[in-house]
Amino acid sequence: MKRHQQGFTLVEVLVALAIAAVALAACVRALGVGANGTRAMQERSLAQQAAENFMAESRLQAVFPATGRRTEACPQGPLGFRCEQVVQATPNPDFRRVTIRVRLGNGPVLTELDGITSRLR
């Protein structure tokens, strides 16, 4: 008499577990990448707001900026950004090109904002 096999063999169970483990590892990795992407997007978004605020504050002071470079803290939300303002002369002496670069600490530039300011009111 021939016996029919019922259930799975140990090898089949191990192969199924290996496949499930690889799929689970891929899901965990995808969640990690998504969380990092969300955090980076939040940092860049807040950096853009910090740059726009810094530019607006400079314009509201109504002082024609001297050429050169200055750096100061410009926190936004929970993050302590550093804003670097670079003022360059233009061919027209009544205008200056202003560039704001925002970094998180000494890290890379997260955003850069260019603008023109005028001596004219």
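**Notebook: helix, strands and a pocket**

I started with L14, and it sits in helix α1 (residues 10-60); helices here are DSSP runs of H or I with at least four residues, strands are E runs of at least two, and both are numbered from the N terminus. I am working on a predicted model, where local features need pLDDT of at least 70, side-chain atom pairs count only at pLDDT 80 or more, and totals for chains, interfaces and linings use all residues. Residues are numbered from 1 along each chain as its sequence is written, and side-chain values use heavy atoms, with hydrogens and water left out.

**Surface patch.** I then looked at what surrounds L14 on the surface. F8, L10, V13, L14 and L17 make up a nonpolar patch there, with about 570 Å² of accessible area together. Such a patch takes residues with over 30% relative accessible area and no salt bridge, joining nonpolar side chains (Val, Leu, Ile, Met, Phe, Trp, Tyr) within 5 Å and like charges within 9 Å. The areas come from the Shrake-Rupley method with a 1.4 Å probe, and for residues only the protein chains shown count as cover.

**Salt bridges.** I found 8 of them in the structure, each a side-chain nitrogen of Lys or Arg within 4 Å of a carboxyl oxygen of Asp or Glu. One joins E43 to R39, with the closest N and O atoms 3.2 Å apart. These two are about one helical turn from each other because they lie 4 residues apart in helix α1.

**Strands.** Next I followed the pairing, which needs at least two DSSP bridges between two strands. β1 (residues 68-73) runs antiparallel to β2 (residues 81-89) over 6 bridges, and E72 faces C83 in β2. β2 also pairs with β3 (residues 95-104), antiparallel over 9 bridges, and there F81 has L104 as its bridge partner. I noted a hairpin of β2 and β3 with 5 residues between them. β3 and β4 (residues 109-118) are antiparallel too, joined by 9 bridges; F95 stands opposite S118, and R103 partners V109. In their hairpin 4 residues lie between the strands, and G105 in the turn has a positive phi of about 70°.

**Largest pocket.** Last, I checked the largest pocket and noted about 220 Å³ of space. Its lining has 16 residues, with S58, V63, P65, R70 and Q85 nearest the centre. α1, β1 and β2 each give at least two lining residues.

Key: On a 1 Å grid over the protein atoms alone, a cavity is a set of points where a 1.4 Å probe fits but cannot get out, and a pocket is an open set with protein on both sides within 12 Å along at least five of seven lines; lining residues have an atom within 4 Å of a point. Grid points are joined across faces, edges and corners, and a volume is the space filled by probe spheres set on the points.
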